[in-house]
Amino acid sequence: MALSADLVAEINTLLLYNVTNHLEGIKVHKDAEQSRIDAARRLHQKGLVTHLDGGYLTDLGREASEHLHMAHTILTTA
């Protein structure tokens with residue numbers, strides 16, 4: 001199973017979040033790459049972030065981001 005470009009953009013966007021501080025969010029500006037803007041919107045539609053342009057992680061988004069950060073660490077270590 002290959003990852004689609006849309007899913008990769010969503011994963012990369014979730015990896016931007018600092019999962020150690022739930023008070024930190026992100027803002028995807030209107031001049032960002034269109035793939036990042038679209039990814040933030042899809043993440044919002046899926047209930048993972050609080051705003052169309054990013055905002056804060058929801059509880060579900062925090063869990064997903066934590067798992068992605070862990071997978072990234074495992075795959076890039078050693």
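1. Helices, here runs of H or I of at least four residues in DSSP, are numbered from the N terminus, as are strands, which are DSSP runs of E of at least two residues. The model under discussion is a predicted one. Within this scheme, Glu10 belongs to helix H1.

2. Glu10 deserves attention for its surroundings. Its relative accessible area is 5%, and it is therefore classed as buried, the limit for that class being under 20%. Leaving out residues up to four places away in sequence, Glu10 touches Ala39, Arg42, Leu43 and Lys46.

3. H2 covers residues 34–45 and has 12 residues. From its first C-alpha to its last it reaches 17 Å, close to the 16 Å expected at 1.5 Å a residue. Just after H2, Gly47 adopts a positive phi of about 80°.

4. Which residues of H2 are buried? They are Ile37, Ala39, Ala40, Arg42 and Leu43. These buried residues pack against helix H1 (5–14), strand S2 (49–51) and strand S3 (54–57).

5. H1 and H2 meet at an angle of about 80°, and their axes are 9 Å apart. H1 is therefore roughly perpendicular to H2. On the H1 side, the contact is made by Asp6, Ala9, Glu10, Asn12, Thr13 and Leu14; on the H2 side, by Ser35, Arg36, Ala39, Arg42 and Leu43.

6. Apart from residues up to four places away in sequence, Ala39 touches Ala9, Glu10 and Thr13. Ala39 and Val8 are 31 residues apart in sequence, yet their C-alpha atoms are 8.9 Å apart in space.

7. The largest nonpolar core has 10 residues in all: Leu14, Tyr17, Ile26, Val28, Ile37, Ala40, Leu43, Leu48, Val49 and Leu57. Helix H2 gives the most to this core, with three residues. Ile26, one of the core residues, touches Thr13, Leu16, Tyr17, Asp53, Gly54 and Gly55, when residues up to four places away in sequence are not counted.

8. Two loop positions complete the survey. Asn18 is placed in the loop between H1 and strand S1 (26–27). With 28% relative accessibility, Asn18 counts as partly exposed. Asn18 and Glu66 are 48 residues apart in sequence, and 9.1 Å separates them in space, C-alpha to C-alpha.

9. Where does Thr58 lie? Its place is in the loop between S3 and helix H3 (59–76). Is Thr58 buried or partly exposed? At 22% relative accessibility it counts as partly exposed, because buried requires a value under 20%. Setting aside neighbours within four places in sequence, Thr58 is in contact with Gly47, Leu48, Val49 and Thr50. Among these, Leu48 and Val49 are members of the largest nonpolar core. The C-alpha atoms of Thr58 and Ile74, 16 residues apart along the chain, are separated by 24 Å.

Note on methods:
Residues are numbered from 1 along each chain as its sequence is written. This is a predicted model: local features need pLDDT of at least 70, side-chain atom pairs count only at pLDDT 80 or more; totals for chains, interfaces and linings use all residues. Side-chain values use heavy atoms; hydrogens and water are left out. A nonpolar core is a set of buried Ala, Val, Leu, Ile, Met, Phe, Trp, Tyr and Cys residues joined through side-chain atoms within 4.5 Å. Buried means under 20% relative accessible area, exposed over 50%, partly exposed in between (1.4 Å probe, protein chains only). Contact means heavy atoms within 4.5 Å. The expected span of a helix is 1.5 Å times one less than its number of residues. Axes are lines fitted to C-alpha atoms, for helices over the stretch in contact, and angles run from 0 to 180 degrees between N-to-C directions. Angles under 35 degrees count as roughly parallel, over 145 as roughly antiparallel, 65 to 115 as roughly perpendicular and the rest as oblique.
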